[in-house]
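Hi there,

Here is the structure I promised to pass on. Please have a look at it first, and then read my notes below.

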Amino acid sequence: MHSDLSPVIAATAQWLTRAYPASGGALAEALCEVQARQAVTVAARLRYPSPMDVALLGVAGPGGSARLDWIIGADGVTPTDPDADAWRTWVDEVVASWAACLLTDPALAEPAVAALAVGGPSAGTPAEFRRLLAPDDADRRAAALLRHPDLVAPVAALHHAGLTARLDPGQALVA
């Protein structure tokens with residue numbers, strides 16, 4: 001069911017790791033990318049929980065990275081090869097914001113992964129998201145910028161309320 005989310009997951013994780021890069025070499029880059037990908041995967045599965053949601057995403061598209069680029073101050077950069085940045089059209093702003101929330105707030109990450117388990121056995125396990133839920137010192141050093149609440153706050157704040165509403169099982173629907 002979630003294989004159709006792979007372009008959104010890949011592009012959004014790439015956007016996060018470019019916006020908040022790792023420092024410290026190839027291993028740090030890999031650890032940062034894994035953490036971003038795990039957070040984006042959880043966020044995307046929460047945002048698009050059903051096959052119909054995924055199908056609608058395929059029709060409407062995720063929206064792209066333009067607003068996110070503007071927020072972090074990277075909107076004035078003109079690419080030398082526009083085709084090289086085509087991946088940016090697959091970035092989902094809500095998924096990026098939710099992933100930023102999950103990376104900076106462990107109190108949200110645990111219920112988010114738990115909410116995936118409600119979706120059935122293929123939804124994922126806490127072990128699958130270990131680097132998101134229980135990062136070790138190497139993970140924290142590698143993703144210091146990506147996990148820094150103050151640096152990521154402008155992106156996380158965009159859709160924080162939507163994530164908390166999605167994770168609140170007792171919230172009544174109001175017409």
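Some housekeeping first. This is a predicted model, in which local features need pLDDT of at least 70, side-chain atom pairs count only at pLDDT 80 or more, and totals for chains, interfaces and linings use all residues. Residues are numbered from 1 along each chain as its sequence is written, and side-chain values use heavy atoms, with hydrogens and water left out.

The chain has ten helices and zero strands (DSSP runs numbered from the N terminus: H or I of at least four residues for helices, E of at least two for strands). Of its 175 residues, 39% are buried (under 20% relative accessible area; exposed is over 50% and partly exposed in between, with a 1.4 Å probe and protein chains only). Among contacts (heavy atoms within 4.5 Å) with a separation of 6 or more, 81% are between residues 24 or more positions apart.

Helix H1 covers residues 6-19, and its 14 residues should span 20 Å at 1.5 Å a residue; the end C-alpha atoms are 20 Å apart, which agrees. (The expected span is 1.5 Å times one less than the number of residues.) Its buried residues include Val8, Ile9, Trp15 and Leu16. The buried residues of H1 pack against helices H2 (26-47), H3 (51-60), H4 (66-72), H5 (93-104) and H9 (149-156).

The structure also holds one aromatic pair (ring centres of Phe, Tyr or the six-membered ring of Trp within 6.5 Å; planes under 30 degrees apart are stacked, over 60 edge-to-face, the rest tilted). Trp15 and Tyr20 form this edge-to-face pair, at 6.5 Å centre to centre and 80 degrees between the planes. Both Trp15 and Tyr20 are buried.

Finally, there are five salt bridges (a side-chain nitrogen of Lys or Arg within 4 Å of a carboxyl oxygen of Asp or Glu). One of them joins Arg67 and Glu93, with the closest N and O atoms 2.7 Å apart. That pair links distant parts of the chain, as Arg67 lies in helix H4 and Glu93 in helix H5, 26 residues apart. Arg67 is partly exposed at 43% relative accessible area, whereas Glu93 is buried at 14%. Asp139 forms a salt bridge with Arg131, again with closest N and O atoms 2.7 Å apart; Asp139 is buried at 0% relative accessibility, while Arg131 is partly exposed at 23%. There is also a salt-bridge network linking Asp69, Asp85 and Arg88.

Best wishes
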